[in-house]
Amino acid sequence: DSVSEEKIQILRKNLNKLMFFNKVKFVGISGSVGAGFAKEDDDIDLFIVVENNTMWLYRLYLELYNLSHNMIRSKRHGENVKDKFCINLIVEERGLSFPNDIFTFHELMFLKPVFNEEYIKYIYACNVWLLKEWGIRSDLLENNEREIRSNNLLIRVLNFIAYIFQLLFMLLSGHKPDIKRIRENNRIGRIEFFPKNFRVKKIRNFEKELQRRNS
């Protein structure tokens, strides 16, 4: 799909703007662009992996950088989101084991690696149910044993401060954050940007489509 390829090239040209020192381990494209059926007006969904204890620092960096560069989708864009980067997920390496459902399967199988392309094999290896339940090729998996860097105390403290700061900002600015969901995801090393019921709706749509095709 030429539209999807054009949007992938937009990410490649702007990839350096998403880097944060040496803390970013992987950048991939998900959603309609990753699946190869993007429309001209679509945004570009991103799946980003960072080192442990850095995801809130990284999110803060993106928010501050975006104030002057306006490259990341936000509420102020409304429906005009063409070629904006939509940060669907920031995940630390400790949070790469995802639940076994058709939504996650779809996200991982249509994930298009752009930075550190070989890393996607490690993501698959953290989710062995892809092989056991869905039968993906075993050669897509690599040894799950990797050296996971543990940041020093200063980085961990700064990341916690960034977490508290952003949580307070969301509360005071009227974003109405789901505190319980944010805390649960923070505990397992993830920041999810899609709505809470988004996964449920997608799973229901997939199930309906499967039933339609099987009937």
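Reader: Let us start with Glu192: is Glu192 buried or exposed?
Author: Glu192 counts as buried, at 18% relative accessibility. Here buried means under 20% relative accessible area, exposed means over 50%, and partly exposed lies in between (1.4 Å probe, protein chains only). Please note that this is a predicted model, in which local features need pLDDT of at least 70 and side-chain atom pairs count only at pLDDT 80 or more, while totals for chains, interfaces and linings use all residues. Residues are numbered from 1 along each chain as its sequence is written, and side-chain values use heavy atoms, with hydrogens and water left out.

Reader: With which residue does Glu192 form a salt bridge?
Author: The partner is Arg181, and the closest N and O atoms of the pair are 2.9 Å apart. A salt bridge here is a side-chain nitrogen of Lys or Arg within 4 Å of a carboxyl oxygen of Asp or Glu. The pair links distant parts of the chain, with Glu192 in strand S5 and Arg181 in helix H8 (residues 179-188), 11 residues apart. Arg181 is buried as well, with a relative accessible area of 15%.

Reader: How are helices and strands assigned?
Author: They are DSSP runs, numbered from the N terminus: helices are H or I with at least four residues, and strands are E with at least two.

Reader: And to which strand is S5 joined?
Author: S5 (residues 190-192) is joined to S3 by 3 bridges, and the two run antiparallel. Within that pairing, Val91 stands opposite Arg190. Two strands are said to pair if DSSP finds at least two bridges between them.

Reader: Why is S3 described as largely enclosed?
Author: In S3 (residues 85-92), 8 of the 8 residues are buried, so the strand is largely enclosed by the rest of the structure. S3 also runs parallel to S2, with 7 bridges joining them, and Val50 stands opposite Glu92 there.

Reader: What about S1, then: which strands does S1 pair with?
Author: S1 pairs in the antiparallel sense with S2 (residues 44-50) over 5 bridges, and in the antiparallel sense with S4 (residues 112-115) over 3 bridges. Gly28 takes part in both pairings: Gly28 stands opposite Phe47 in S2, and its bridge partner in S4 is Pro113. S1 (residues 24-29) is mostly covered, with 5 of its 6 residues buried.

Reader: Back to the charges. How many salt bridges are there?
Author: The count comes to 10 salt bridges. Among them, the side chains of Asp83 and Lys7 meet at 2.6 Å, N to O. Asp83 lies in the loop between helix H3 (55-69) and S3 and Lys7 in helix H1 (residues 2-14), so the pair ties together parts that are 76 residues apart in sequence. Lys7 is buried, with a relative accessible area of 2%, whereas Asp83 is partly exposed at 25%.

Reader: Which residues are linked in a network?
Author: Lys23, Lys25 and Glu51 are linked in a network of salt bridges.

Reader: Finally, the whole chain: how many helices and strands?
Author: The protein chain has 9 helices and 5 strands. Of its 215 residues, 46% count as buried. Taking contacts (heavy atoms within 4.5 Å) with a separation of 6 or more, residues 24 or more positions apart account for 72% of them.
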